[in-house]
Amino acid sequence: MTSEFFPDVSPLKFEARQSAARTHPRQSQRLAFHHYDATASVEGRTMEEHLRFAACYWHTMRNGLADPFGAATAVTPWDDGSASISNAMRRAEAFFEFLTKCQIGRWCFHDRDLAPEGETIAQSEKNLDALAAHAIELQRATGKRLLWGTANLFSHPRYMHGAATSPAVDAFLHGAAQVRKALEVTHMLGGEGYVLWGGREGYDTLLNTDLAREREQLARFLHMAADHAQSIGFRGVLLIEPKPHEPTTHQYDSDSEATLNFLREFNLITRFKLNIETNHATLAGHSMEHELAVAIAAGALGSIDANMGTPTLGWDTDRFPTDAYLTTNIMLAILNAGGLKKGGLNFDAKRRRASFEPIDLFHAHAAGMDAFAIGLKAAARIRADGRLAEFVAARYASWDSPIGKQIRAGTLSLAQCAQEAARLAPAPQASGRQEMLESIVNDLLFSDDA
Ligand code: XUL
Ligand code: CO
């Protein structure tokens with residue numbers, strides 16, 4: 001890389017909290033990690049190996065921070081605002097410098113954030129090829145890896161009625177062209193996964209919608225995408241990212257359970273895993289823990305889009321995940337499930353509109369990374385302490401009795417269960433002890449040796 005895009009930012013390092021405070025007394029928070037120590041070991045693996053952080057190209061490089069009431073505010077000296085290839089290349093260089101200085105090992109992109117859309121499909125593909133060639137050089141130079149790629153099938157007006165689920169076959173065809181190319185570019189860049197987020201794959205009103213037909217179209221599209229991935233030798237994970245609504249009134253892959261049901265119904269369950277996003281869980285009226293638990297129970301957790309919503313607002317605010325309870329719950333679920341495997345923690349998150357300076361990109365990601373490091377350490381303490389797991393095991397102990405085992409094995413009929421019930425002596429109920437368990441989590445989260 002020739003020029004420096006963030007000259008005021010030195011590569012971020014891990015610093016113990018006290019030393020940071022002493023060295024920089026006038027700054028409320030120096031730009032450094034206070035919890036994320038990439039090489040520190042937790043449960044026998046480094047934090048870097050556990051957390052597999054990724055930054056997303058769309059929010060980091062392409063989100064000017066406009067909102068429905070006001071214009072973009074983000075200061076981006078590396079971007080001349082044009083749709084030229086040279087501008088797109090410079091942006092990519094700035095992004096890889098950002099990844100390097102922020103110790104983020106992975107990245108994610110949509111075809112259209114990386115390269116400008118052309119007048120024709122051929123021109124768009126040529127533009128993407130040019131940027132992919134540049135990105136592979138930048139990956140080589142910096143050692144960064146692609147977590148996943150995806151295609152934007154929701155911004156262009158041609159997708160106003162959906163892509164795969166559009167009533168117009170042309171939109172389906174155009175979407176197919178984009179996904180084919182985005183899959184190939186993802187493969188070329190060594191992507192560990194490929195995501196399909198059905199931005200407009202749903203309906204705004206049932207008055208104009210044939211829901212059964214649209215769900216079949218979506219399933220056909222997903223089979224085609226999976227077939228193509230296989231035919232080009234792509235070994236990464238194919239991921240669906242559930243979201244209930246916004247921009248549509250209802251999206252067909254609305255939450256983990258609905259998506260798993262859809263995948264099973266259309267014989268796609270062995271081909272796709274889920275990319276679970278916190279703010280999408282919130283919009284679906286679920287906790288992130290719930291969405292993760294459902295995916296994990298089905299053996300279908302693929303990856304995570306790490307952000308958080310604003311519960312008092314009804315939108316996908318995509319805030320950086322700085323809530324230590326949230327990150328603790330997420331990391332507890334991940335550790336219990338045996339780790340992220342080929343997935344990662346992708347910050348699908350954007351700064352608030354008023355956090356407009358380039359340095360805020362670093363503050364925001366560092367805040368998210370530190371929050372996940374806090375969560376990882378707390379989750380490991382909860383597991384080492386063992387009280388939560390013991391409590392859950394004890395709560396189900398009656399299922400390990402001979403009769404419990406028989407029911408689980410499927411060898412008892414309902415009538416036999418009824419006979420057993422008649423013989424039961426009255427047994428005391430056991431408390432669920434929710435508040436006690438919540439207090440144990442608090443104790444471990446805020447323990448002095450944290
Ligand atoms: C939108 C969203 C997308 C996907 C990728 O809410 O999360 O950015 O992650 O298309
Ligand atoms: Co997302």
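These legends describe close-up views of a predicted model. Residues are numbered from 1 along each chain as its sequence is written, and chains are lettered from A and ligands numbered from 1 in the order in which they are written. Local features need pLDDT of at least 70, side-chain atom pairs count only at pLDDT 80 or more, and totals for chains, interfaces and linings use all residues, while side-chain values use heavy atoms, with hydrogens and water left out.

**View 1. The cobalt site (ligand 2).** Four residues supply the protein donors: Glu 241 (OE), Glu 277 (OE), Asp 305 (OD) and Asp 348 (OD). They lie 1.9 to 2.2 Å from the cobalt ion. Donors are N, O and S atoms within 2.8 Å of the metal (3.2 Å for Na, K and Ca); water is not among the atoms, so sites may look incomplete. The six donor atoms make angles of 77 to 174°, and the site is octahedral. Six donors count as octahedral if opposite donors are over 155 degrees apart and all others between 65 and 115. Ideal angles for six octahedral donors are 90 or 180 degrees.

**View 2. Donor spacing along the chain.** The donor residues of the cobalt ion follow the pattern E-x35-E-x27-D-x42-D. Glu 241 sits in the loop between strand 8 (237-240) and strand 9 (250-251), and Glu 277 in strand 10 (residues 273-277), so the pair ties together parts that are 36 residues apart in sequence. Helices (H or I, at least four residues) and strands (E, at least two) are DSSP runs, numbered from the N terminus. Both Glu 241 and Glu 277 are buried. Buried means under 20% relative accessible area, exposed over 50%, and partly exposed in between (1.4 Å probe, protein chains only).

View 3. The residues around ligand 1 are Trp 58, His 110, Trp 148, Trp 197, Glu 241, Lys 243, Glu 277, His 280, Asp 305, Asp 316 and Asp 348. A residue counts here if one of its heavy atoms lies within 4 Å of the ligand.

**View 4. The loop between strand 8 and strand 9.** Pro 247 lies in this loop. The peptide bond from Glu 246 to Pro 247 is cis, with omega near 10°. Thr 248 belongs to the loop as well. Thr 248 is buried, at 8% relative accessible area. A polar atom of the Thr 248 side chain lies 3.3 Å from the backbone oxygen of His 250.

**View 5. Leu 274 in strand 10.** Leu 274 is placed in strand 10. Its relative accessibility is 0%, so Leu 274 counts as buried. Leu 196 is 78 residues away in sequence, yet the two C-alpha atoms are 9.6 Å apart.

**View 6. Helix 12 and its ends.** Helix 12 (residues 324-336) has 13 residues. From first C-alpha to last it reaches 18 Å, close to the 18 Å expected at 1.5 Å a residue. The expected span is 1.5 Å times one less than the number of residues. Asp 323 caps the N-terminal end, with a side-chain oxygen 2.9 Å from the backbone nitrogen of Tyr 325. The buried residues include Leu 326, Ile 330 and Ala 333. Gly 338 follows the helix, with a positive phi near 90°.

**View 7. Helix 13.** This helix (residues 358-385) has 28 residues, which should span 40 Å; its end C-alpha atoms are 41 Å apart, which agrees. Just after helix 13, Gly 386 takes a positive phi of about 80°.

View 8. Leu 65 has phi near 75°. Leu 65 lies in the loop between helix 3 (57-62) and helix 4 (85-101), and is buried at 4% relative accessible area. Arg 433 has phi near 50°. Arg 433 lies in the loop between helix 16 (414-423) and helix 17 (434-445), and is partly exposed at 42%.

How values were computed
Four donors count as tetrahedral if all angles lie between 85 and 135 degrees; four count as square planar and six as octahedral if opposite donors are over 155 degrees apart and all others between 65 and 115; anything else is irregular. A polar contact is a pair of N or O atoms within 3.5 Å; within protein, one must be able to donate a hydrogen and the other to accept it, and residues adjacent in sequence count only if both atoms are side-chain atoms.
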